[in-house]
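I am opening a notebook on a structure that is new to me.

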Amino acid sequence: MAKSNTDQCLDNNNQYAGGQAVHKPGYPGKQPIQPSRRVAVVACMDARLDVEDLLGLQTGEAHIIRNAGGVVTDDAIRCLIISHHLLNTNEIILIHHTRCGMLAFTDDLLKAGLEGDPAAEKLLRQATARAFTSTGKSASTPSSFHAFRGQIGPLDAPRDTKSMERLEWDVRRGMSSIMNHPWIPTSGPDAVTVRGFIYDVDTGKLEEVKYPGPTGTFG
């Protein structure tokens with residue numbers, strides 16, 4: 001049985017983590033509009049992730065959708081629907097990563113700090129090790145920053161059991177949001193596959209998250 005494109009990306013990742021370059025940075029020439037590998041990737045905007053490099057993707061092979069945390073937001077869903085139904089992708093890869101900044105705050109904490117709460121400002125300064133400056137203003141948007149569930153930890157803290165659990169929770173939540181959306185088919189002749197991973201920024205390796213499973217608690 002032929003390997004899926006996602007499995008081929010995992011093979012490429014093993015080479016990448018071993019120090020081999022798979023992605024070719026040169027301009028490849030004219031390309032069709034449909035991604036040739038029929039892959040769509042949702043990943044974090046973190047500067048330590050070069051998605052094409054770590055998956056060994058070439059220009060024209062995949063859609064890359066990025067935001068803070070690699071969160072499956074309404075806009076990510078919008079992109080995936082267009083990617084699949086109009087541009088023929090049929091494999092979705094969701095990538096979170098270790099040492100993610102989304103582990104170091106809550107939505108309420110960041111909003112309070114931006115609005116001028118002194119206690120929140122102090123906590124955010126400690127978390128980020130930078131001069132956090134409040135705007136002193138409230139705003140209706142964004143309605144959510146999508147911070148990950150669970151007890152917050154220090155910014156850029158090394159991986160441990162608790163942070164990995166929190167990352168896995170959010171990967172599963174994202175996968176569930178995609179797989180249960182009525183406009184993204186996961187069965188039948190037009191089905192897509194959805195797989196989730198955690199990228200270790202210290203090793204360059206992807207680790208797959210089992211689904212279904214726990215999606216987190218409040219505390």
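Entry 1. I began with the lining of the largest pocket and asked which element gives the most to it. It is helix H6, residues 161-179, with four residues. I note here that I am working from a predicted model.

Entry 2. I looked up the rest of that lining. The largest pocket is lined by 17 residues. Those nearest its centre are His146, Ala147, Phe148, Arg149 and Arg173. I sorted the lining by class and wrote down six nonpolar, seven polar and four charged residues. For the volume of the largest pocket I have about 350 Å³.

Entry 3. I went on to the second largest pocket, with a volume of about 180 Å³. I listed its lining as Asn67, Ala68, Val71, Thr73, Met102, Phe105, Leu110, Pro142, Ser143, Ser144, Phe145 and His146. How many charged residues does this lining have? I found none: the classes are seven nonpolar and five polar. His146 is in this list, and I had already noted His146 among the residues nearest the centre of the largest pocket.

Entry 4. I turned to a helix pair. Two packed helices are described by the angle between their axes and the distance between the axes. I took H4 (residues 107-115) and H5 (residues 118-128), whose axes come within 7 Å and cross at roughly 110 degrees. H4 is therefore roughly perpendicular to H5. I recorded the crossing of H4 and H5 as left-handed. On the H4 side, the contact is made by Leu109, Leu110, Ala112 and Gly113. On the H5 side, I noted Ala120, Glu121, Leu123 and Leu124. By class, the contact of H4 with H5 has six nonpolar residues, one polar and one charged. Leu110 of H4 takes part in this contact, and Leu110 also lines the second largest pocket.

Entry 5. I checked the loop between H5 and H6 and found alanine 129 there. A cis peptide bond joins proline 142 to threonine 141, with omega at about -5 degrees. Pro142 is also one of the residues that line the second largest pocket.

Entry 6. I looked up another cis peptide bond, between tyrosine 211 and proline 212, and wrote down an omega of about 0 degrees. Where is proline 212? I placed proline 212 in the segment after strand S5 (206-209).

Note on methods: Residues numbered from 1 in each chain as written. Predicted model: local features only at pLDDT ≥ 70, side-chain atom pairs only at ≥ 80, totals over all residues. Heavy atoms only, no water. 1 Å grid on protein atoms, 1.4 Å probe; cavity = no way out; pocket = protein on both sides within 12 Å on 5 of 7 lines; lining within 4 Å. Points joined across faces, edges and corners; volume = space filled by probe spheres on them. Helix = DSSP H or I, 4+ residues; strand = E, 2+ residues; numbered from the N terminus. Nonpolar A, V, L, I, M, F, W, Y, C, P; charged D, E, K, R; others polar. Axes fitted to C-alpha atoms, helices over the stretch in contact; angles between N-to-C directions. Parallel < 35°, antiparallel > 145°, perpendicular 65-115°, else oblique. Left-handed = near helix turned anticlockwise from the far one by under 90°. Contact = heavy atoms within 4.5 Å.
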